[in-house]
Amino acid sequence: MSEPKAPTPAPGDTYKGWLFKWTNYIKGYQRRWFVLSNGLLSYYRTQAEMGHTCRGTINLATANIAVEDSCNFVISNGGTQTYHLKASSEVERQRWITALELAKAKAFRMQAESDDSGDDSTSPGAGQGAGSRNSEVQSTLRTLGSKVEDLSTCNDLIAKHGSALQRSLSELEGVRLGGETSEKIRQVTERATLFRITSNAMINACRDFLALAQAHSKRWQKALQAEREQRVRLEETLEQLAKQHNHLERAFRGATVLPPSQSNPAIDSKGPVPGKGDVSDEDEENEFFDACEDVQEFITVPADPKYHRRSGSNVSGISSELGMDDGTTSLDEQSLASSPESPQSQEVVPVRKRRSRIPDKPNYSLNLWSIMKNCIGKELSKIPMPVNFNEPLSMLQRLSEDLEYYELLDRGAKCQSSLEQMCYVAAFTVSSYSTTVHRTGKPFNPLLGETFELDRMQESGYRSLCEQVSHHPPAAAHHAISERGWTLRQEIALASKFRGKYLSIMPLGSIHCIFEKSNNHYTWKKVTTTVHNIIVGKLWIDQSGEIDVVNHRTGDRCHLKFAPYSYFSRDVARKVTGVVTDKNGKAHYVLSGTWDEKMECSRVMQSSRGGENGADGRQKTVYQTLKAKELWRKTPLPEGAENMYYFSTLALTLNEPEEGIAPTDSRRRPDQRLMEQGRWEEANAEKQRLEEKQRTTRREREREANRTANPAEEAEEVEIASEPSETTYKSGHHDNYKSMWFEQQVDPMTGEPTHIYRGGYWEAKEQGDWDSCPNIF
């Protein structure tokens, strides 16, 4: 992009152009588009932003302009705003300096004229009080003006008598001592006396001026403070009006575009939303997105009333259980009421009472920047972190929290239609993120070979097992099976990068869900998790990306879109939308909701191209849908969760001690247990011990692998790279390490290498045979 060749501006002209603005020590100078108009200097990231997104503005009337060198200059308004700018050349810098100085002079004159006119006017309704105050101000101004004139007259007289005195002194130097000496001395004395009298007059005038200014300064200060308070009140009123306008606009759009269940604007105010603050250039690009009226790729409108009047036989097919109108029963009610496996139809078996509290989180302060400043660009798993940034759970336990809303899979297992089942599977994928909205703590990195079992067969009919099968890159295998007819397995490897202001966590690997009755096999991948405000501000978490849930048996597909948080969007925060289609691409259901609260499902009766144009210029698809049915809603957090790391009811029980678990179970980790008890210093020491023990074990395993591969060099110790590459991990070799309960295979559905449960864990637990388990703690 070529630089604009703007001519030297004339007074009052608008001046535009590219300049380099200093942002921070990470990004340095960044190219920005600056616009100078009406005494205000504004800047934007691009010229296209001029219509909707101003990144900052400074008033030149009160600003100081300083030149640093041939290309650099600084604009500051006294501390609150300072722009360090750099032009592309000295000529360009001088053009900007000239334009800024002219604009500053004009802005100062306009402000002075505005102040004068403001003094002459009185507010309506002020009455006689305002008139008397105006007369008093005018009288004071006239008095001050006369004093200034006196000062000016005295100044002229001092200059005149001073010149005469100087001439007399010069003549005195050239006169010989004699009869003329006394006359010259007399003249000097007279002129010195006149000079002194004039000076005294000037001093007295200054004293009168000062006394008058002091007498009225407090009154002027009070008047100025009242004006400022009134301005603040007006700004607050304007902000409230803007919010009300936005609220009404959302309500109007919801009433005319969205289904009735989504038209309630109260959802927009749910939960804490990241603070917006001032829009500044220092925010990362991914934190701000283009302003848009509708981020979704389609539009839903209420279906024609004729569809509601149809009989159930006309539209049964794939919608018999989700319900076609207000009179039909939802799948939740039907399945739970009629199923012989429902808890109501079985004998009540006493179950173990789980704990509902853990010790409150201690309030320890820590300088985050002192630790993180040397870690920019590194993977999170390779940064030695104290437990101050952790929560007392391991990554294996966090992975097991995906089963928080296992009931969705139970309901899906009872569905007769694969498309209905897809709706529940999609809601299950979204529900796994609901526990992360306040969970800014980092889980413990599992040790290689560490396991975690979650046995809820008696209470909920399922049990799961996780094992850490790789350390670098960190990867965990998970297998869950339910007596209600579904199996869930996944292998997740985390790729994380610290970018200075935010942390991105990219889960790698596929999740599989298989239903026994229908033999439907679903797969999907996780979206990216971003932790914002790592260095400064309050931490907050966002989920963004797209998920494709695929049924490999039928070809059905659900495309879910997690909308990233946008400062300018008028839409609901943390929004998720999706469309369920069959193998031919025909839409049958529309999903909508948020990943931290609920998901709803609407049956599509008709679709057409039309409506608004999307961001790419193409027309959006309009779906005519029936009234939405709620698929999932988040369970409220337990009382006092803010003091317990914002753990859910399930999370509070994950680290509860249990009998009969494997020696490698996460519940047996001493550092994690100490942290839960609030003994963080001891936990940090124990964490370092375990990490050093793991490094020693890895080196011994590497030497053993090397001796096996090179028997002739058995006596020689060969140093091997301490951290294997991801390629080495995917090929199935990790320092000759083999996991205990999982084995690596090529997944027949995705073609990816993955670890699949080989069996034997629950049998070993039943027999109490843990002899083959390694000593990792």
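User: Is Tyr646 buried, partly exposed or exposed?

Analyst: Tyr646 is partly exposed, with a relative accessible area of 32%; buried means under 20% relative accessible area, exposed over 50%, and partly exposed in between, using a 1.4 Å probe and protein chains only. Bear in mind that this is a predicted model, where local features need pLDDT of at least 70, side-chain atom pairs count only at pLDDT 80 or more, and totals for chains, interfaces and linings use all residues. Residues are numbered from 1 along each chain as its sequence is written, and side-chain values use heavy atoms, with hydrogens and water left out.

User: And where does Tyr645 sit?

Analyst: Tyr645 lies in the loop between β25 (629-633) and α12 (649-654), where helices (H or I, at least four residues) and strands (E, at least two) are DSSP runs numbered from the N terminus. Tyr645 is buried, at 8% relative accessible area.

User: What is phi for Tyr645?

Analyst: Phi of Tyr645 is near 65 degrees, which is positive in a residue other than glycine, and Tyr646, also not a glycine, has a positive phi of about 60 degrees.

User: Switching to helices, at roughly what angle do α9 and α10 cross?

Analyst: The axes of α9 (residues 407-414) and α10 (residues 418-431) cross at roughly 170 degrees and come within 8 Å; axes are lines fitted to C-alpha atoms, for helices over the stretch in contact, and angles run from 0 to 180 degrees between N-to-C directions. The two helices, α9 and α10, are therefore roughly antiparallel, a term for angles over 145 degrees.

User: Which residues of α9 make the contact?

Analyst: On the α9 side they are Leu408, Leu409, Arg411, Gly412 and Ala413, with contact meaning heavy atoms within 4.5 Å.

Terms used: Angles under 35 degrees count as roughly parallel, over 145 as roughly antiparallel, 65 to 115 as roughly perpendicular and the rest as oblique.
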